[in-house]
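Here are my notes on the model, as numbered points. Please read them with the structure open.

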Amino acid sequence: MGRKDSVWSLGEGQAPEDLDKPVDTPPLSSLLIERPQGGSITVGGDISFVAKVEAQDLLRKPTIKWFKGKWMDLASKTGKHLQLKETFDRRTKIHTFEMHIIKAKDNYAGNYRCEVTYKDKFDSCSFDLEVKGFVDIRSAFKRRAWPQPSHPPLVSCPREPKQDETPEVDVWEILKSARPDQYEKIAFEYGITDLRGLLKRLKKTKKEEKKSEAFAKKLDPAYQADKGGKIRLMVDLADPTVELKWYKNGQEIRPTPKFIFEQKGTQRILVINNCECVLSTISHSTLPVKITKEIEAVKTTVNERIELECEVSEEGAQVKWCKNGVEVPTGPRSRYRVKSEGLKHWLIIDDASKEDTGTFSLMASGGTSEAKVQVELKPLKIIQDLQDMTVLLGQPLKMHCEIFPGNVPGRWYRNGQLIQSNDRINILQRAKNHRLEIVNSTIHDAGDYTFVPEGYSQSLCAKIHIVDPPRVHLESLNFPDNTVTIVAGNKLRVEIPISGEPAPRVVWMKGERVILDSGHRVRAETFSDHTSLTIDIAEKEDTGNYKIVLQNEAGEAGASVKVKVVDIPDPPEVPLVTEVGGDWCSMTWEPPIYDGGSPILGYFIERKKKQSSRWMRLNFDLNKETTFEPKKMIEGVPYEVRVFAVNAIGVSKPSEPSKAFVPLAVTSEPTMLVVDDVTDTTVTMKWRPPDTIGAAGLDGYLVEYCIEGTDDWRVTNKELTEKTKYTITGLPPEAKILVRVRAINAAGASTPRTLQHSILVKEVIEPPKIRIPRHLKQTYTRKVGEAVNLVIPFMGKPRPKVSWLKEGETVDPTQVTIRNTDCDSIIFIRKAERKHSGKYDMKVEVENHVDTAIVDIQIVDLPGPPQCVKIDEVWGGNVALDWTPPKDNGNAAITGYTIQKADKKTMEWYTCIEHYHRTCITITELVVGNEYYFRIYSENMVGLSEGATQTKDSALIVKEGMQLKNPEYIDHDFKEPPKFTQPLINTFAIAGYNATLNCSVRANPRPKVIWMKNKIAIIDDPRYRMFSNQGVCTLEIRKPSPYDGGMYSCKAINDLGDALVECKLEVKVHTHPSERVPREGMQEFRACLL
């Protein structure tokens, strides 16, 4: 293989079969708004390629790279023959990137690529450069040494060239007649290393082979058609790959609805629709137009007229003018004008500029003519130079110069920075006059100014000096009357802005004494834009007028500042507490003797508990008066208060604390005063303590009564009672009285709580009523060993008689303890046993009135182990187990089983499954070759049984091949007679509120459900609604009244039998608040209602 060529223009090659394949590039984005176009030049000519990127949405300059071939970066090849240039137009926000190739050589030809990147965006463009001129193929594609130039080469080639001793051979003819697979062998034989360039040249040479006669059949001399008709013109090509163009009167025809192009094999057809009465000549041309007179090179100066003339072989020929390989625009607004007369063609530039320098070419179908145009600047002459100036700050600055030639633009610079026009700066040019005007000069306008004519290396310079008289800017301090107030003991620093150019000298004075910058406590400092007076610790003696004097070469200025040192006020006098309430007090004080030189603005008040050291602020807004009322204090806690005085300077020290005081208040009125019992001579009242008692506590209660119709309240208890129940004795029978109760403490008596209605002193018999709690309406379950403590409230007057039976027999007092009170009965079992399970009947009697209730107690224990655990069958890795439920279920339903297995070798037990409900199971995934034992625990609501039943035999898991005998199963009969799984429960209802009765039944087939009241079936009664869903039966009674009470029953019937459940419904009328039940039974009564 040959070595890589070191010439920069050749680049790295590709394999021959990859030449026509596109180069893979990353995904493109629209960064380039103008892409470089390919071109052709002659050897020694110049050409430029331009790429433009719009920077409207870019935050910084994009990155551009120029490549030749596939990988060669041209950034390192810049020099005499290659130049890269970048410019940015701030007005249009466009980046322009240019690549100039100067004095091109024949090996500069090839494919170039431009790549632009910005963050994650990418764009690229490829273009070709063709260099025309005679090239010896072997010298072009062999490695050779560069001549020693006066400038550095683009790429150095250190190796010395070898002498080519190969005889002259026409390699082109050899390549044209050779097969593609022989190209590499021929290139190696004749020393050609740039195989890629060779193949490109060969490809172009094959395309430029001499053509034979183009037409096998030409157009007829003339055609005729009617107006509005259609004409069909047809030619036959000898070579179907030849490009064909149609012309009308010398102008090329483009496809339109009027002119339609068709193609059939080698035939080319032109169809003209809607013919008009016009004589036209239609022609087809493939003969090349040749250049008979070349363009001559032009060298001129700016603003001169340029005419480029060329002559071709045919009149009216279509030609194209190009500059540096790019077609010249010839529109109405273009600087270029094109003129043709007979065989001659002109390109005219009326006002030449330096940008017109380049290679202009005329391209015809049979050839190209090129010529260089060089436009140089005219010699620069300075008529009037810039002058040094001194300007006052704020005054206009005008600079002027004159140069020749007069139409040369230029740029202004200040201290090397380009000056741009804006609202304050105007840059003007009129012919040879150039002016720079600044409306209001500033300090930053001073410096070295330079005017640089565009295109010239000469420049005009001047120095501008800005001066400003000194000034003191006291208005920026916002001090009233230029007075600075400072609190004694604080640090004072007054910074006063100053201005002046050059910087003025500053002197501070107090009276006749000058303040130096080296002072210890009081000192003055001066900076470029301000001066400051610093007093580290302000004292009253620092009060006075301070004078500032400024001097510089432009003048003198002065000002004065007054300093006032003030202090905080003295503390107020000791506050006096004049009145005390439950959580508040009233206080007053005297103002401080010395107000600190500033009026008192208000006061802050603080309080604390006497035993505490933490003071708490009571007001965050200043109190203007000398009185205050602290609130939200805790009763019974001693407090102290103090006061702070506040002026414009700050807050004074606190006053001495006041004498300690304790807030106290009476309690609120007692609550829930009700009648507990009434006899012929006594009335028993009950109440609840007050909601708010306070820090003074509660000493007791005072009970008073009066006869209805009088206002004579009598105290019944001479001594306070601490209980919330009291019996008033010695009352006249059948009298009506009113009762009230007061709560008494150290602060006095509370507001009385009075019964709203009068009380008739006469005993009333109340039938007994048992209030079974809701959780006891169902079976009450407890574990063995737990305590049982049940409270069943009841009502009745006089005191009812309570009796208990278990399963129809008297309850054994040694096993179950029963305690009865006036309003409830308690069943207590210290350590429950299973023999305590059963139904307990409660009976409450008041004279001839009786009420009963049943309490079902279930004591549960752990179940026993299952019975008869055996291995039914073993097959594969599976074992089928079967067992029977345990003999002792622990007085609760069996909820599941836990199955465990153990290998006979280790006898370590592992759980296979938990909470299994059936009595047979198949254990899978057993290890072949192992022998297993199995054991089973039973489980109920209490937990797992203490022991487990193990299989007597073991199961040996043998290899597969055994046949499983499927057992025969007998279908289970799921039919069963009705059975209520949840009975009806005795229910209490409130008149006017809907009530529901619920029960659940199980049966197969589905039973018929009948609801009855007092043994009478309920049929089509709108007051009742009956539902049945998944065995749950519901009866809804809409807004019942006391007459809806009674015995309700639900009967379920199917073909196998029937079942019946009953309950008692009692409807109670809503009572007046004054007729409420005693508080001890209130909670149980509400539970029953729910």
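**Notes on sheets, cores and a hairpin**

1. An open sheet of five strands runs in the order S18-S25-S24-S20-S21, with mixed pairing. Strands here are DSSP runs of E, at least two residues long, numbered from the N terminus. Two strands pair if DSSP finds at least two bridges between them. Strands S18 (298-301) and S21 (326-327) are at the edges with a single partner strand each, so one side of each has no neighbour in the sheet.

2. The model is predicted: local features need pLDDT of at least 70, side-chain atom pairs count only at pLDDT 80 or more, and totals for chains, interfaces and linings use all residues. Residues are numbered from 1 along each chain as its sequence is written, and side-chain values use heavy atoms, leaving out hydrogens and water.

3. Inside that sheet, S20 (residues 320-323) and S24 (residues 358-364) are antiparallel, with four bridges. Lys323 sits opposite Phe360 of S24.

4. The largest nonpolar core holds 28 residues. Such a core is a set of buried Ala, Val, Leu, Ile, Met, Phe, Trp, Tyr and Cys residues joined through side-chain atoms within 4.5 Å. Buried means under 20% relative accessible area (1.4 Å probe, protein chains only). Among the residues with the most contacts inside this core are Phe49, Trp66 and Met99. Strands S3, S4, S7, S8 and S9 each give two or more residues to it. A second, separate core has 24 residues, including Ile486 and Ala559.

5. Strands S69 (residues 894-903) and S70 (residues 909-916) run antiparallel, joined by five bridges. Lys901 has Tyr910 in S70 as its bridge partner. Five residues lie between the strands of this hairpin, where Met907 takes a positive phi near 55°.

Notes:
Buried means under 20% relative accessible area, exposed over 50%, partly exposed in between (1.4 Å probe, protein chains only).
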